[in-house]
Amino acid sequence: MNLDNSYARLPEGFHALVETDAVAAPSMLAWNNDLAVELGLDSLAEDEAELARIFSGASRPAGVQPIALAYAGHQFGHFVPQLGDGRAALLGEVVTDAGKRYDIQLKGSGRTPYSRGGDGKSWLGPVLREYIVSEAMHHLGVPTTRALAAVATGESVYRETAWPGAVFTRVASSHLRIGTFEYFAFRRNTDALKTLTEYAIDRHYPEAKSDEVPYVAFFRRVAERQAELIAGWMAVGFIHGVMNTDNTSISGETLDYGPAAYLDEFQFKKVFSSIDHHGRYAYANQMPIAQWNLARLAETLLLLCDARTDFEAILSGFPACYDSYYLDLMRPKFGLLKKNDGDAELISDWLNYLQDNALDYTLSFRELATRIDASDPARFGEFEQRWRQRVGNQATESAEVVALMDSVNPIFIPRNHRIEQAIQEAVAGDLTVFKDLNVVLAQPFLEQPEYAKYAEAPKPNERVIQTFCGT
Ligand code: AMP
Ligand code: MG
C-alpha cells in the first residue's frame, strides 16, 4: 500500500500519532472493488485475510503511521473547543494517476488521544449504515465521502448491550472541517490557522491563490460547494441530521452519516434524529444552517485578513447561490427544459401538495412522469393540470420529457426500514439484505424488477420513526 501523508507533515498540534487495535478475528463484510480500482488498491484483495487485517487496523502496512486529527466544533449551536478523531485513524492518502488525493481513514479502530470518554469503537449498525448510505449518495450524484471496506472484528462492542464490532473504511477528498479552523482560531494560534488555510487552499481550491485576496476567494468557493451540496441533499430528500460545524467538510462532501436519513413521506420540518429535540437540523432548515456554519468559518478567517465586508457579502448571497443550484437540480425532475419565472412556485406548490397528502417524496416524482398524457381524474390534484400545461408548452415530445424525468428521479433510495432490516439481519449473521441494497442502489434510476420490493415505501408498521447517532 503506497500511501502519502501530507497531513502528518503539518506542525505538531494538528494531529496525534495513534495505534489501531489488534483485533482478534477480522473478517470482510464488504469491499468496494470499483472504488478500489479507482484508487489503485484493488490488488490488495488478492489476499482476503490480510485485507481484513489491514482494514480493521489489526495489521499495519509497511510505512504507514496512522494519525488522529484535531478539531473543534459547534454542536447544536454550542462551541466545543476540543473534539478530534475519537474513533478514527487516518492511515494516509492515496494519490491517483489523475493526481487526485484521497484520505483513507479507519473508523472504529480504537481509542485516540481525542476519545474523551468513548471507546473508539464502532458496532456493526453504524458501519453498515454508512456503507450503504454513502455509496447510495454517490450513485445519486451528490458529493460525498465513500465506503471502501467494512470489516467485522470478531469482538463485542458494548453500548446498552453487547453488539458485534466492526470497522469502516472511509475515503474522503480530505477530512478538513469548519471545526478544524475553529480549533486553531479558538486558541488564537494564527500561525497554525494560516498553515491550515494554505494547506486547504492547496488541496482543494488552488485557483484561489491567484486571486486578489486568496482567503476571500477560498471562502467564496467553500460557500459555493456548500450551496451545491445542500441543494443536492434537498433534491434527493436527504436529512443529514447533525450539521454541526465539525461535520461540515471544507471540500463540500457529505461527511459523517450518523442519524442521517432520506424522507419517505414529504414533510418540510421532518426530523429523524433522536437528539434533535428542537428541529435545528430539520429538512427545510439545512440551507440556513449551512449559512450559519459558514459564518463560523468566516469568523476564523477574520483572524487572518481584514475582509469582513467581503465575507458578509458572500454570506448574504448564500441563499441565492443555493437557490440557483437547487432550481437547476429540480427543473429536470419535473421535465422542465428551460428556466421560467414560475419555477420556484411550481416546485413549492408540488411540495405543499405532497406534504398535505402525506405522499412519498421519491415515488411521487416517478409517478408524476406517468401522468404526462393522462386524461383520467388527476392523481396530483390541481397541481397536475398546471404542470401538464407547463411541460406541454415546451416544444418536446412527451417521451422525451418522461425520459428526462426518469433519468434524474431515482426509483431506489436507501430507505430507513430497509437499512434497519439489513442491520438486524446482519447482526443475526445474514448479509443478504445488506448486499442486495448495495447492488440495487448502485443504479438508483434503473428499473430492477427482481429488486422491486426495495423501491417500496414503508408500510405503516415498518416506518422508522427515529434514528440515532452512529456511536
Ligand atoms: P460524531 O457525532 O460522529 O460527529 O462525533 C462527534 C465526536 O465524538 C467526535 O469527536 C468523535 O470522534 C467522537 N466520538 C464518537 N463516537 C466515539 C467513540 N465510540 N469513541 C470515541 N469518540 C467518539
Ligand atoms: Mg463528526
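## A pair within helix α5

Lys194 is partly exposed, at 41% relative accessibility, where partly exposed stands between buried (under 20% relative accessible area) and exposed (over 50%), with a 1.4 Å probe and protein chains only. Its partner in a salt bridge is Glu198, with the closest N and O atoms 3.9 Å apart; a salt bridge here is a side-chain nitrogen of Lys or Arg within 4 Å of a carboxyl oxygen of Asp or Glu. Glu198 also counts as partly exposed, at 38%, and both residues lie in helix α5 (residues 190-204), 4 residues apart, or about one turn of the helix. Helices are DSSP runs of H or I with at least four residues, and strands are runs of E with at least two, numbered from the N terminus.

## Basis of the model

This is a predicted model, in which local features need pLDDT of at least 70 and side-chain atom pairs count only at pLDDT 80 or more, while totals for chains, interfaces and linings use all residues. Residues are numbered from 1 along each chain as its sequence is written, chains are lettered from A and ligands numbered from 1 in the order in which they are written, and side-chain values use heavy atoms, with hydrogens and water left out.

## Other salt bridges

Side chains of opposite charge can pair when their charged atoms come close. The whole structure holds 36 salt bridges, one of them between Arg308 and Glu312, whose closest N and O atoms are 3.9 Å apart. Both of these residues belong to helix α8 (residues 308-316), and both are partly exposed, Arg308 at 49% and Glu312 at 46%.

Arg9, which is exposed at 57%, meets the partly exposed Asp4, at 22%, in a salt bridge of 2.9 Å, N to O. Arg9 and Asp4 are part of a network of salt bridges that also links Glu93, Arg101, Asp103 and Arg203.

## A covered helix and a buried loop residue

Helix α11 (residues 361-370) is mostly covered, since 7 of its 10 residues are buried, among them Tyr361, Phe365 and Leu368. The elements covering these buried residues include α6 (214-236), α9 (318-333) and α10 (343-356).

Asp264 lies in the loop between β12 (261-262) and α7 (286-301) and is buried, with a relative accessible area of 9%. Leaving aside neighbours within four places in sequence, Asp264 is in contact (heavy atoms within 4.5 Å) with Leu359, Asp360, Tyr361, Arg415 and Pro458.
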